[in-house]
Amino acid sequence: MAEKKSSILKNTIVIFVVTLVSVALLAIVNQVTMGPIEEAQIAAEAASLSAAYTDAKEFAQVDGKEAMLEKSTELLESADIQKCTINNVLAAQDASGNLIGYAISATTQNGYGADLQIAVGITKDGKIAGFDVISNNETPGFGANCTNPEFKSQFAGKSAEGMLSFTKTGNASDSEIDAISGATITTNAVTEAVNGAIVFYQENFGGGVKKAQTVSVDNAEEVDGGYKITVTSKKGFAGDITLAVVINKDATLKSFEIVSSNETVGYGAKASEPGYADQFVGLKADKITSVPSGANKANNEIDAIAGATFTTKAVNAAVNEAIKYYQENYGGGLSESFLAEADAPEEDTADASSSASPVAGKISVLANVKGE
C-alpha cells in the first residue's frame, strides 16, 4: 500500500515538473515569436495605409488603439458624420523611428456603390500628408475616378484643423477639394470619410475635436426699413449655402427667396418653390424649427423638404444664424430660445427617415425678414 502511494506521489511530481517546464518553454517561445508576429501584423496593416503616407519609412502600433477605434463611431456621429467607421490607425515614423504623424483608414456607407474605404495620412502638426482609396464600388468613368491621381493628390497639404468641403467650380479653396465631374455622391462620400479621419485625429492626437464653424456671417448692411444680413452655411449636402436676410422693424419674416441652386429637381430644388418659401412669411425673427410635417406657424415652424434632409437643415441653420446676428447687433440681444440652444445639443427635427438627395454644387439663398 505504501509502495502504491509512493508511486502515485512520484507520478504527480513528474506531471507537475513536466507541466512547469512546458509552461516555461511556451513562455520563452512566446517571447521569442512575439516580436516577429507583431512586426508581420504591422506590415500587413501598413500595406493598405502606406500609400496615404509616402513620407513614412516605417509604421508602428498606437497605444490604446483598440479603445480609440471602439469609441470612434459615437465620436463621428457626434460630429454629424453618419454611417462612417474608423477601421485602423498606425503611427507613421521617419527612418530614425521618430513619430511624424498618423495613417488612418475609414469606411463610409454613403458611396454611390455602397461601402467606400479610404486612407488619410495626417502629420503630427495637423496637415494632410496624403490620401488614397483602399476599396470602392463606384461607377467606372464617374465615381471610380476617385482613384485617379489628379483627384487624390489635391488632399495633400490641406489642414486637418477643420473640416473639408468640396466645390464644383474648379477653384477649390484651402478647405475645399474639387469635385469629381458627374459624381457628386461619390465626392460627398469621400469628403465625409476624410472628415471622419480628421475628427478621429483631432480627438485622439490633436488636442480635441475642433468645433467646426459651419455657419458664418459674411456681410451686414442697412437697407430701407431694416438690415440685410448675408450668411454662409457649409452644411449643405454638396457644399456652401449662402443666404441674405433682410430684417425690418416688426420682427417677422417678410419673404424668403432662393437666388441660385444646383439641388436635385424634385428634392432639394423644392427649396426654391413658392410652397416652401411662403412658409417663412410672417414667422417671428426668432429661432425657426423644421419639422417633418404639420408645421405650426405659431411655434415658428416650417415643414422640412421631403427627401432633402441636408438641404432643409442647412437652410434652417443659415436663416437662424442671420436672425441671431440681427438680435445681437440690432435687436437688443439673443432671445431665450437661442440662449437655451447654446447650452443644449441641437435637435435634429428634420425628417431623419427621408433620404438625402444628391446635390451638385453651391446654393445661394435670399431671405427677407421684418424686424422690431
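Reader: At what angle do helix H2 and helix H4 pack, and how far apart are their axes?
Author: Keep in mind that this is a predicted model. Two packed helices are described by the angle between their axes and the distance between the axes. Here H2 covers residues 65-78 and H4 covers residues 184-205. They pack at an angle of about 120 degrees, and their axes are 10 Å apart.

Reader: So which word describes how H2 and H4 lie to each other?
Author: Take the angle of about 120 degrees. Roughly perpendicular runs from 65 to 115 degrees and roughly antiparallel starts over 145, so an angle between those two classes gets another name. That is why H2 and H4 count as oblique.

Reader: And what is the handedness of the crossing where H2 passes H4?
Author: This one is about how H2 passes H4. The crossing is right-handed.

Reader: Which residues make that contact?
Author: Let's take each helix in turn. H4 brings Gly 196, Val 199, Phe 200, Glu 203, Asn 204 and Phe 205. From H2 come Met 68, Leu 69, Ser 72, Leu 75 and Leu 76.

Reader: How many residues of each class are in the contact of H2 with H4?
Author: Leu 69 of H2 and Phe 200 of H4 are among the residues involved, and both kinds count as nonpolar. The tally is one charged, three polar and seven nonpolar residues.

Reader: What about Lys 83: is it buried or exposed?
Author: Lys 83 is in the loop between H2 and S2. It isn't a glycine, yet its phi is positive, about 55 degrees. Exposed means over 50% relative accessible area. Lys 83 has 53%, so it counts as exposed.

Reader: How many disulfides does the structure hold?
Author: A disulfide is a covalent bond between the sulfur atoms of two cysteines. Cys 84 is buried, because its relative accessibility is 3%, and Cys 146 is buried too, at 0%. As for disulfides, the structure holds zero.

Reader: Which residues does Thr 230 touch, leaving aside neighbours within four places in sequence?
Author: Thr 230 belongs to strand S9 (residues 226-233). With 17% relative accessibility, which is under the 20% cut-off, it counts as buried. Its contacts are Ser 216, Val 217, Asp 218, Asn 219, Thr 242, Leu 243 and Ala 244.

Reader: Where is Glu 273, and how far is it in space from Glu 257?
Author: Look in the loop between strand S11 (253-260) and helix H5 (274-277). Glu 273 is partly exposed there, because its relative accessible area is 41%. Glu 257 is 16 residues away in sequence, and the C-alpha to C-alpha distance is 8.8 Å.

Reader: And how far apart are the C-alpha atoms of Asp 174 and Leu 164?
Author: Asp 174 is in the loop between strand S6 (165-167) and strand S7 (176-178). It counts as exposed because its relative accessibility is 71%. Along the chain, Leu 164 is 10 residues away, and the C-alpha separation is 8.7 Å.

Reader: Stepping back, what share of the residues count as buried?
Author: The protein has seven helices and 14 strands. Its length is 372 residues, and the buried share is 41%.

Conventions: Residues numbered from 1 in each chain as written. Predicted model: local features only at pLDDT ≥ 70, side-chain atom pairs only at ≥ 80, totals over all residues. Heavy atoms only, no water. Disulfide = S-S within 2.5 Å. Buried < 20%, exposed > 50% of the residue type's maximum accessible area, 1.4 Å probe, protein only. Axes fitted to C-alpha atoms, helices over the stretch in contact; angles between N-to-C directions. Helix = DSSP H or I, 4+ residues; strand = E, 2+ residues; numbered from the N terminus. Parallel < 35°, antiparallel > 145°, perpendicular 65-115°, else oblique. Left-handed = near helix turned anticlockwise from the far one by under 90°. Contact = heavy atoms within 4.5 Å.
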